[in-house]
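Here is a quick tour of a protein model, written for someone who likes to know the cut-offs behind the words. Have the viewer open as you read.

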Amino acid sequence: MMFILNSQVYFNKKNFSEVVGMPASGKTTLVKQLVNKKTNCINVNERLPKGTIQRQLRKIKCGFLLFIDSPNSFIRDTKIIIASKQDSKINLYSVLSNWYLISYQNRNCSVDKNEYIWDQGLFQAIWSIYYSALNEFDYLGLLKDKKLPHTIFLTDINNEELILRSHQRQDSNRLNYDDKEKIVKGRTALARTLQVMEQVGYQQKSKSG
(Lines give C-alpha, C1' and ligand atoms only; values in the text may rest on other atoms or scores of the structure.)
Protein backbone atom coordinates (compact mmCIF):
# COMPACT_ATOMS: atom_id res chain seq x y z
CA MET A 1 0.00 0.00 0.00
CA MET A 2 1.37 3.40 -0.97
CA PHE A 3 0.57 6.93 0.25
CA ILE A 4 1.49 10.21 -1.47
CA LEU A 5 1.77 13.54 0.32
CA ASN A 6 -0.60 16.21 -0.98
CA SER A 7 -0.20 19.24 1.26
CA GLN A 8 0.29 22.97 0.92
CA VAL A 9 1.44 23.20 4.55
CA TYR A 10 4.22 20.63 4.93
CA PHE A 11 7.45 20.68 2.95
CA ASN A 12 7.47 17.77 0.52
CA LYS A 13 10.79 16.13 -0.39
CA LYS A 14 10.07 14.19 -3.58
CA ASN A 15 13.30 12.22 -3.31
CA PHE A 16 12.46 11.05 0.26
CA SER A 17 10.49 7.82 0.86
CA GLU A 18 9.68 5.84 3.97
CA VAL A 19 8.30 2.43 4.88
CA VAL A 20 6.07 2.03 7.94
CA GLY A 21 4.59 -1.03 9.56
CA MET A 22 4.65 -3.36 12.52
CA PRO A 23 8.04 -4.84 13.49
CA ALA A 24 8.71 -8.00 11.43
CA SER A 25 6.12 -6.98 8.80
CA GLY A 26 8.73 -6.76 6.04
CA LYS A 27 9.88 -3.12 6.09
CA THR A 28 13.58 -3.83 5.63
CA THR A 29 12.88 -6.40 2.91
CA LEU A 30 10.73 -3.93 0.98
CA VAL A 31 13.39 -1.22 1.27
CA LYS A 32 16.00 -3.59 -0.18
CA GLN A 33 13.66 -4.47 -3.05
CA LEU A 34 13.02 -0.81 -3.83
CA VAL A 35 16.73 0.01 -3.70
CA ASN A 36 17.54 -2.85 -6.08
CA LYS A 37 14.91 -1.67 -8.57
CA LYS A 38 16.17 1.90 -8.81
CA THR A 39 19.41 3.63 -9.61
CA ASN A 40 20.79 6.27 -7.22
CA CYS A 41 18.55 5.02 -4.40
CA ILE A 42 20.13 5.09 -0.94
CA ASN A 43 18.96 3.02 2.03
CA VAL A 44 19.65 5.58 4.78
CA ASN A 45 19.62 3.19 7.72
CA GLU A 46 21.91 0.73 5.94
CA ARG A 47 24.69 3.26 6.49
CA LEU A 48 24.34 3.12 10.29
CA PRO A 49 26.82 1.12 12.41
CA LYS A 50 25.81 -2.53 12.85
CA GLY A 51 26.84 -3.00 16.47
CA THR A 52 24.43 -2.06 19.25
CA ILE A 53 26.94 0.06 21.17
CA GLN A 54 28.18 1.82 18.03
CA ARG A 55 24.63 2.57 16.96
CA GLN A 56 23.73 3.99 20.36
CA LEU A 57 26.83 6.20 20.26
CA ARG A 58 25.76 7.41 16.80
CA LYS A 59 22.33 8.35 18.19
CA ILE A 60 23.92 10.29 21.05
CA LYS A 61 26.23 12.06 18.62
CA CYS A 62 23.32 12.96 16.33
CA GLY A 63 21.38 14.31 19.30
CA PHE A 64 24.32 16.54 20.26
CA LEU A 65 24.78 17.77 16.68
CA LEU A 66 21.05 18.38 16.33
CA PHE A 67 21.08 20.51 19.48
CA ILE A 68 24.03 22.54 18.15
CA ASP A 69 22.42 22.92 14.73
CA SER A 70 18.88 23.73 15.86
CA PRO A 71 18.51 24.13 19.65
CA ASN A 72 14.94 25.45 19.52
CA SER A 73 13.68 22.46 17.52
CA PHE A 74 15.65 20.07 19.73
CA ILE A 75 14.13 21.49 22.92
CA ARG A 76 10.60 21.64 21.45
CA ASP A 77 10.71 18.02 20.23
CA THR A 78 12.17 16.82 23.54
CA LYS A 79 9.37 18.51 25.51
CA ILE A 80 6.72 17.01 23.22
CA ILE A 81 8.08 13.48 23.58
CA ILE A 82 8.46 13.81 27.37
CA ALA A 83 4.85 15.05 27.52
CA SER A 84 3.74 11.81 25.82
CA LYS A 85 4.57 10.15 29.17
CA GLN A 86 6.38 7.03 28.01
CA ASP A 87 5.61 3.94 30.08
CA SER A 88 9.24 3.42 31.17
CA LYS A 89 12.53 5.29 31.32
CA ILE A 90 14.02 2.81 28.87
CA ASN A 91 11.31 3.53 26.32
CA LEU A 92 11.68 7.27 26.89
CA TYR A 93 15.39 7.05 26.14
CA SER A 94 14.68 4.81 23.13
CA VAL A 95 12.14 7.09 21.47
CA LEU A 96 14.12 10.25 22.23
CA SER A 97 17.43 8.96 20.89
CA ASN A 98 15.69 7.46 17.87
CA TRP A 99 13.93 10.76 17.12
CA TYR A 100 17.19 12.69 17.37
CA LEU A 101 18.86 10.30 14.92
CA ILE A 102 16.03 10.47 12.39
CA SER A 103 15.66 14.25 12.71
CA TYR A 104 19.38 14.71 12.13
CA GLN A 105 19.27 12.42 9.09
CA ASN A 106 16.24 14.31 7.83
CA ARG A 107 18.02 17.66 8.06
CA ASN A 108 21.28 16.51 6.55
CA CYS A 109 20.48 14.25 3.60
CA SER A 110 21.98 15.84 0.50
CA VAL A 111 19.94 17.85 -1.95
CA ASP A 112 20.91 15.93 -5.07
CA LYS A 113 19.58 13.47 -7.64
CA ASN A 114 19.69 10.54 -5.24
CA GLU A 115 16.56 9.02 -3.74
CA TYR A 116 16.63 8.41 0.02
CA ILE A 117 14.51 5.75 1.68
CA TRP A 118 14.04 4.90 5.37
CA ASP A 119 12.68 1.77 7.04
CA GLN A 120 12.94 3.66 10.35
CA GLY A 121 11.87 7.18 9.45
CA LEU A 122 9.73 9.96 10.87
CA PHE A 123 6.41 8.11 10.82
CA GLN A 124 7.82 4.84 12.12
CA ALA A 125 9.19 6.96 14.97
CA ILE A 126 5.67 8.34 15.50
CA TRP A 127 4.52 4.71 15.76
CA SER A 128 7.20 4.03 18.39
CA ILE A 129 6.12 7.02 20.46
CA TYR A 130 2.47 5.98 20.29
CA TYR A 131 3.31 2.38 21.20
CA SER A 132 4.67 3.25 24.62
CA ALA A 133 2.88 6.58 25.26
CA LEU A 134 0.42 6.98 28.09
CA ASN A 135 -0.70 10.43 26.91
CA GLU A 136 -1.63 11.97 23.57
CA PHE A 137 1.13 14.21 22.21
CA ASP A 138 1.61 17.06 19.74
CA TYR A 139 2.62 15.02 16.69
CA LEU A 140 2.05 18.02 14.42
CA GLY A 141 4.58 19.94 16.48
CA LEU A 142 7.12 17.16 15.97
CA LEU A 143 6.64 17.34 12.19
CA LYS A 144 6.57 21.14 12.04
CA ASP A 145 10.01 21.82 10.54
CA LYS A 146 10.75 18.40 9.05
CA LYS A 147 11.17 17.50 5.37
CA LEU A 148 8.39 14.97 4.95
CA PRO A 149 8.74 12.04 2.55
CA HIS A 150 6.81 12.35 -0.69
CA THR A 151 5.93 8.64 -0.61
CA ILE A 152 5.19 6.27 2.27
CA PHE A 153 4.82 2.52 1.80
CA LEU A 154 2.84 0.49 4.33
CA THR A 155 3.77 -3.14 5.04
CA ASP A 156 1.16 -5.29 6.75
CA ILE A 157 0.67 -9.02 7.33
CA ASN A 158 -1.66 -11.02 9.54
CA ASN A 159 -0.89 -11.73 13.18
CA GLU A 160 -0.02 -15.38 12.63
CA GLU A 161 2.63 -14.44 10.07
CA LEU A 162 3.97 -11.73 12.39
CA ILE A 163 4.44 -14.31 15.16
CA LEU A 164 6.17 -16.73 12.78
CA ARG A 165 8.54 -14.08 11.42
CA SER A 166 9.39 -12.76 14.87
CA HIS A 167 10.48 -16.25 15.93
CA GLN A 168 12.72 -16.48 12.86
CA ARG A 169 14.45 -13.13 13.39
CA GLN A 170 18.00 -13.07 14.68
CA ASP A 171 17.72 -9.64 16.29
CA SER A 172 15.59 -8.70 19.27
CA ASN A 173 12.07 -7.49 18.51
CA ARG A 174 10.56 -4.68 20.54
CA LEU A 175 7.21 -6.46 20.58
CA ASN A 176 6.79 -9.87 22.13
CA TYR A 177 4.31 -11.27 19.64
CA ASP A 178 3.58 -14.23 21.91
CA ASP A 179 1.76 -11.66 24.05
CA LYS A 180 -1.45 -10.93 22.15
CA GLU A 181 -2.05 -7.73 24.12
CA LYS A 182 1.18 -6.31 22.72
CA ILE A 183 0.08 -7.13 19.17
CA VAL A 184 -3.15 -5.22 19.81
CA LYS A 185 -1.15 -2.35 21.30
CA GLY A 186 1.14 -2.29 18.26
CA ARG A 187 -1.77 -2.29 15.82
CA THR A 188 -3.47 0.50 17.77
CA ALA A 189 -0.28 2.55 17.49
CA LEU A 190 -0.17 1.82 13.76
CA ALA A 191 -3.78 2.94 13.32
CA ARG A 192 -3.00 6.19 15.12
CA THR A 193 0.07 6.69 12.91
CA LEU A 194 -2.06 6.26 9.79
CA GLN A 195 -4.47 8.86 11.19
CA VAL A 196 -1.55 11.25 11.64
CA MET A 197 -0.50 10.65 8.02
CA GLU A 198 -4.04 11.37 6.83
CA GLN A 199 -4.23 14.58 8.86
CA VAL A 200 -0.90 15.76 7.46
CA GLY A 201 -2.15 15.19 3.91
CA TYR A 202 -1.12 11.71 2.77
CA GLN A 203 -3.52 10.07 0.35
CA GLN A 204 -3.60 6.40 -0.53
CA LYS A 205 -2.65 5.65 -4.12
CA SER A 206 -3.57 2.47 -5.95
CA LYS A 207 -0.79 0.55 -7.69
CA SER A 208 -2.40 1.25 -11.06
CA GLY A 209 -2.93 4.92 -10.27
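Which residues are exposed on the other side of H1? They are Asn-36 and Lys-37, and the rest of that helix comes up below.

## Ground rules

This is a predicted model, so local features need pLDDT of at least 70 and side-chain atom pairs count only at pLDDT 80 or more, while totals for chains, interfaces and linings use all residues. Residues are numbered from 1 along each chain as its sequence is written, and side-chain values use heavy atoms, with hydrogens and water left out.

Helices (H or I, at least four residues) and strands (E, at least two) are DSSP runs, numbered from the N terminus. Buried means under 20% relative accessible area, exposed over 50%, and partly exposed in between, using a 1.4 Å probe and protein chains only.

Helix H1 takes in residues 27-37, and its buried members are Lys-27, Val-31, Leu-34 and Val-35. They sit on the same side of H1 because they cover an arc of only 100° around the axis (the arc is that of the directions from the helix axis to the C-beta atoms).

## H4

Helix H4 runs over residues 89-108, 20 residues in total, and goes 29 Å from its first C-alpha to its last, close to the expected 28 Å. Its buried list includes Val-95, Leu-96, Trp-99, Tyr-100, Leu-101 and Ile-102.

How many residues line the second largest pocket? There are 12, and Val-44, Arg-47, Arg-58, Tyr-104 and Gln-105 lie nearest its centre. Its volume is about 210 Å³. For the method, on a 1 Å grid over the protein atoms alone, a pocket is an open set of points where a 1.4 Å probe fits, with protein on both sides within 12 Å along at least five of seven lines, and lining residues have an atom within 4 Å of a point. Grid points are joined across faces, edges and corners, and the volume is the space filled by probe spheres set on the points.

Helix H2 (52-69) and H4 each supply at least two lining residues, with H4 giving the most, four. By type, the lining divides into seven nonpolar, three polar and two charged residues. Here Ala, Val, Leu, Ile, Met, Phe, Trp, Tyr, Cys and Pro count as nonpolar, Asp, Glu, Lys and Arg as charged, and the others, Gly among them, as polar.

## Loops and cysteines

Most residues other than glycine have a negative phi. Ala-24, not a glycine, has a positive phi of about 75°; it is in the loop between strand S2 (12-21) and H1, and is buried at 8% relative accessibility. Lys-85, in the loop between H3 and H4, has a positive phi near 55° and is partly exposed at 49%.

Asn-6 belongs to the loop between strand S1 (2-5) and S2. Its C-alpha is 6.9 Å from that of Gln-203, although the two are 197 residues apart along the chain.

The structure holds zero disulfides, a disulfide being a pair of cysteine sulfur atoms within 2.5 Å. Cys-41 counts as buried, at 14% relative accessibility, and so does Cys-62, at 5%.

Definitions and conventions
Expected span 1.5 Å × (residues − 1).
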